[in-house]
Structures are given as C-alpha cells and as structure tokens.
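This report walks through one structure, element by element. Please look at the sequence and the model below before reading on.

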Amino acid sequence: MIRMKVLYYPGCSLRGNYQEFEKSTIESCRILGVELIEIPRWTCCGVNPSLATDNMMRHLGAIRSLIKAREKGLEIGSKTVVAACSMCYNVLKKVNLTLREDPDKLETVNSFLDEEPDYIPELRVVHLLTLLKELGFENIQRRIVNPLRGLRVAPYYGCVLLRPDRPKGIPIDDPVKPTIFEDLLRSLGAEPVEYPFKTECCGNYHVVFRPDIVEMRSKKIVSSAKHGGADIIVSSCPLCLYNLNRGNEALAEEERVPVIFFTQLLSLAMGGSSYLPKDLENLIMCRIRAETNR
Amino acid sequence: MNELAMKVIEISGQNVYSCYQCGCCSAGCMFTDEMDILPNQAIALIQRGDRSVLEKETPWICASCFVCTVRCPRGLDVAAIMEALREIKIRERGFNKVDLKKIEDIERLPQIAITAVAHKFTW
C-alpha cells in the first residue's frame with residue numbers, strides 16, 4: 001500500500017455548499033494511503049485569477065496560502081500541494097508558476113507582504129486527478145471492490161483543468177484531446193462516454209447576473225452527454241456542477257443527466273461511501289447490478 | 001501607437017498589433033450570440049485607438065474560458081485583452097458593472113461564482 005503525505009488546499013466550496021466533494025475526496029485518498037494535510041489558515045484562492053499582468057493584488061490570497069503551505073510542507077516533508085476543486089487548482093497553479101518564472105513579480109510580492117515570510121516558489125501544485133494518475137490508475141484498479149461495470153459516465157472537463165496554456169504547465173492533460181478523466185473512469189470499471197462538449201464552457205460566473213447564458217450553455221452540454229448515452233456526468237468543479245444542474249432544471253425530465261463529483265464514484269468503487277443522495281446511489285447501483293447479472 | 005492600445009498592452013502584456021484579424025478567436029467563442037461585436041473586432045478597434053470599444057458589452061460577456069487564448073495562431077492571450085478592457089473601466093474608481101446588492105438567490109449560488117463576479121465586474 002502506498003503511504004504518503006501531501007499538502008491539501010480544500011477551498012471554500014468543499015467547506016461550504018459542497019461537503020460531499022471534500023468527504024469523498026478525503027475518503028478516497030485514505031483508502032489509497034494518501035494522507036491529506038490541510039494547509040493551516042488557508043485563505044480564498046481568488047477564484048478567477050486576474051489576467052492583468054501589471055497588478056499582483058488579486059493574487060495575494062493564493063500567495064498567502066502558498067506561503068503557509070510551504071511552511072507546513074517543511075514540517076511534514078512534502079512539497080506537493082493538491083487541490084480537488086478545478087478553480088482552486090487553476091489559480092494556485094497559475095500563481096505558483098508565475099512567481100517561479102518571473103523574479104520581478106516575486107520580489108514585488110515579497111516586499112509587499114511584510115507580515116509573512118518571503119515566498120520561495122519551490123512548491124508543486126497538482127490537481128487531484130494528476131495525483132491519482134501519479135499513484136497509477138492500475139494501482140487504483142487493484143483497490144476496486146465495487147466495479148462500476150455498465151455505468152456510462154460522461155466526464156466533464158470544463159475550462160480550467162485544461163486552459164489557459166500559459167504559463168506553461170497549467171493544463172493537466174492535452175487541452176484539445178484530454179483522456180485523464182476517461183482513464184480514471186476505466187480503472188473504476190465504468191464506461192466513459194465520448195461527447196463533443198466535454199471541454200466547453202458552462203458559462204462560469206455568469207450564473208449570478210446572466211443565468212440565461214448559463215442555461216443556454218449547460219443545456220447544450222447536458223444534452224450532448226445524454227446523446228452520447230450517459231447515465232451520469234462527473235465534474236471536478238463545484239461551479240460547473242451547479243451550472244450544469246441549472247441546465248438540467250431547464251430541460252424536460254427525460255432529457256436530464258445527474259451531475260456528481262468524480263470523487264463520489266471513486267470512493268464508491270473502492271468500497272467507501274459515495275455521499276450521494278439515496279435515489280442517485282440507487283440509480284447507480286441498479287445500473288451496475290443489471291450489468292453484473294447479465 | 002495610440003493611447004488605448006498602449007494601455008491594453010500595459011495591462012494585458014499582449015501585443016495587440018500582432019493580431020492579423022483571422023477571426024479564430026471569434027469562431028471558437030461560445031458566447032458570440034450574446035456579444036455586440038466579435039472579439040476580433042474588439043481587437044481591431046483597439047488597434048485603431050477607437051475608445052467606443054470600452055462601451056461595448058463584448059468584454060463583459062467574455063467568461064474567461066480561454067478557448068480563444070489556446071487557439072490564437074499569433075499566440076495572443078485574447079482573454080487577457082478582454083480583461084484589460086474590463087480593467088480600464090474598473091480602474092475608473094467607483095465604476096461597477098453590476099450591483100452586488102442585487103444578487104438574487106444568494107444562498108443557493110456557489111460562493112465561487114459570487115467571488116468571481118465581484119472580481120470581474122466591480123472595482
């Protein structure tokens with residue numbers, strides 16, 4: 001069994017409205033022998049990082065968390081920060097890479113933040129999917145007690161796992177033809193669904209003031225997955241999940257596809273709890289049993 | 001170089017003059033139905049120093065999904081150019097594109113959506 005400790009950045013969604021994401025993440029990692037050590041006193045990542053290159057102000061939240069992560073990392077002997085939320089991953093990754101590549105920005109930040117120790121950009125930020133890939137999907141496959149045979153799952157990548165492509169290193173896989181989600185799903189015994197909208201945008205923050213835009217986008221994405229034969233859609237972004245469900249609400253009942261976090265399937269397949277509502281878990285289990293009995 | 005282009009280049013770090021108007025950004029954009037001008041047209045206006053681009057809806061409809069950025073054959077970060085147009089407005093102190101007090105259904109919305117809106121639409 002793998003035994004390792006990594007630094008863990010939960011983010012506000014996992015602590016707020018989407019606790020099933022955190023619970024299933026922690027449970028999955030525990031089964032795999034990965035101990036998630038929470039960064040002490042982490043702060044908001046900033047969500048959508050500012051794209052202005054002349055102003056580091058909006059990156060400071062992420063930087064403060066990285067400084068604390070580095071300190072904690074020295075204590076536990078880890079330089080790897082893992083985030084399960086796509087948004088958190090994207091921001092922390094971008095900020096870390098920017099500071100690593102641009103000494104001027106690093107100096108600006110360090111001279112501004114005088115209450116904290118200087119940030120030395122030696123951490124590595126990874127998304128949970130990348131960590132799982134590094135552990136080896138074949139090792140995950142060995143731990144499956146509840147193979148998701150017959151379950152047709154549409155992986156929804158969305159934007160920020162794959163884009164932007166600068167600074168280099170943000171995309172967790174090929175930005176145009178990613179397969180990391182599919183590879184994981186296959187190791188769980190599930191059948192990944194191929195559909196053309198898996199990397200398209202759900203409308204992001206427009207859900208606040210222009211929910212019509214989000215509905216328009218999300219209906220297309222859900223319908224595309226449905227057309228591909230999906231029983232369920234998995235996501236790693238709380239905002240995508242919320243937005244796709246807004247799309248579901250705008251669709252007729254028979255056109256809908258439930259959206260859950262990928263860690264819920266991972267945990268379930270490895271014999272842990274899925275933290276799903278009962279009806280949804282029943283739907284998944286029925287699908288698997290039907291296939292197993294065939 | 002005109003003043004507007006200088007400002008956009010300063011904020012975005014992108015040389016807007018390297019755009020040759022191929023329209024790849026607009027072809028890939030999923031939100032053009034809601035925009036009043038296309039992303040490549042916005043860049044053309046910046047190149048000409050036409051400040052009317054600052055009053056267009058296009059930069060505010062851009063959802064920073066970065067499809068244009070990964071597809072631009074000139075290597076321009078088009079999303080960052082849209083951000084620069086928003087920033088020029090937002091840096092006029094007191095400018096808010098939206099009224100955060102008017103968010104409906106705030107308990108139901110994910111926290112990250114609200115934080116993102118505050119970042120992108122208010123000064």
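In this predicted model, strand S3 (residues 80–83) of chain A runs parallel to S4(A), and four bridges join the two strands. Val82(A) has Val126(A) of S4(A) standing opposite. Helix H6 (residues 128–135) of chain A packs on the sheet and touches S1, S3 and S4 of chain A. The direction of this helix makes about 90 degrees with that of S4(A).

The sheet itself is open, with four strands in the order S2-S1-S3-S4 (chain A) and parallel pairing. Strand S2 (34–38) and strand S4 (124–127) of chain A are its edge strands, each pairing on one side only. From one strand to the next, the twist averages 40 degrees. Helix H3 (residues 60–76) of chain A lies across strand S1 (4–9), S2 and S3 of chain A, and runs at about 165 degrees to S1(A).

Chain A also holds an open sheet of four strands in the order S6-S5-S7-S8, again with parallel pairing. Strand S6 (191–192) and strand S8 (259–261) of chain A each have a single partner strand, so one side of each is left without a neighbour in the sheet. Strand S7 (residues 232–235) of chain A is joined to S8(A) by three bridges, and the two run parallel. Ser235(A) has Phe261(A) as its bridge partner in S8(A).

| Strand pair | Bridges | Direction |
|---|---|---|
| S3(A) and S4(A) | four bridges | parallel |
| S7(A) and S8(A) | three bridges | parallel |

Ile233(A) is one of the residues that touch the most other members of the largest nonpolar core, which has 133 residues. Met87(A), Leu92(A), Val153(A), Leu265(A) and Ile81(B) are also in that group. Leaving aside neighbours within four places in sequence, Ile233(A) is in contact with Ala154(A), Tyr156(A), Ala225(A), Leu244(A), Val257(A) and Val259(A).

The domain assignment of chain A gives domain 1 (4–129) and domain 2 (146–293). Taken over C-alpha atoms, the centres of domain 1 of chain A and domain 2 of chain A are separated by 25 Å. Their contact takes 23 residues from domain 1 of chain A and 25 residues from domain 2 of chain A. On the domain 1 side, helix H2 (19–32) and helix H4 (86–101) of chain A each supply at least two residues. By class, that side has eight nonpolar, nine polar and six charged residues.

Lys168(A) is placed in the loop between strand S5 (152–155) and helix H8 (180–187) of chain A. Why does Lys168(A) count as exposed? Lys168(A) has 8 other C-beta atoms within 10 Å, and a residue is exposed if the count is 12 or fewer. Lys168(A) and Leu97(A) are 71 residues apart in sequence, yet 8.1 Å apart in space, C-alpha to C-alpha.

Between the chains, 32 residues of chain B are in contact with 35 residues of chain A. The elements giving two or more residues to the side of chain B that touches chain A are helix H1 (3–12), helix H5 (67–71), helix H6 (78–90) and helix H7 (111–121) of chain B. Of these, H7(B) gives the most, with nine residues. The residues on this side of chain B divide into 19 nonpolar, seven polar and six charged.

Methods:
Residues numbered from 1 in each chain as written. Chains lettered and ligands numbered in written order. Predicted model: local features only at pLDDT ≥ 70, side-chain atom pairs only at ≥ 80, totals over all residues. Contact = placed C-beta atoms within 7 Å. Nonpolar A, V, L, I, M, F, W, Y, C, P; charged D, E, K, R; others polar. Pairing = 2+ DSSP bridges. Axes fitted to C-alpha atoms, helices over the stretch in contact; angles between N-to-C directions. Domains from an automatic or database assignment. Buried ≥ 20, exposed ≤ 12 C-beta atoms within 10 Å, placed from the backbone. Core = buried A, V, L, I, M, F, W, Y, C linked by C-beta atoms within 7 Å.
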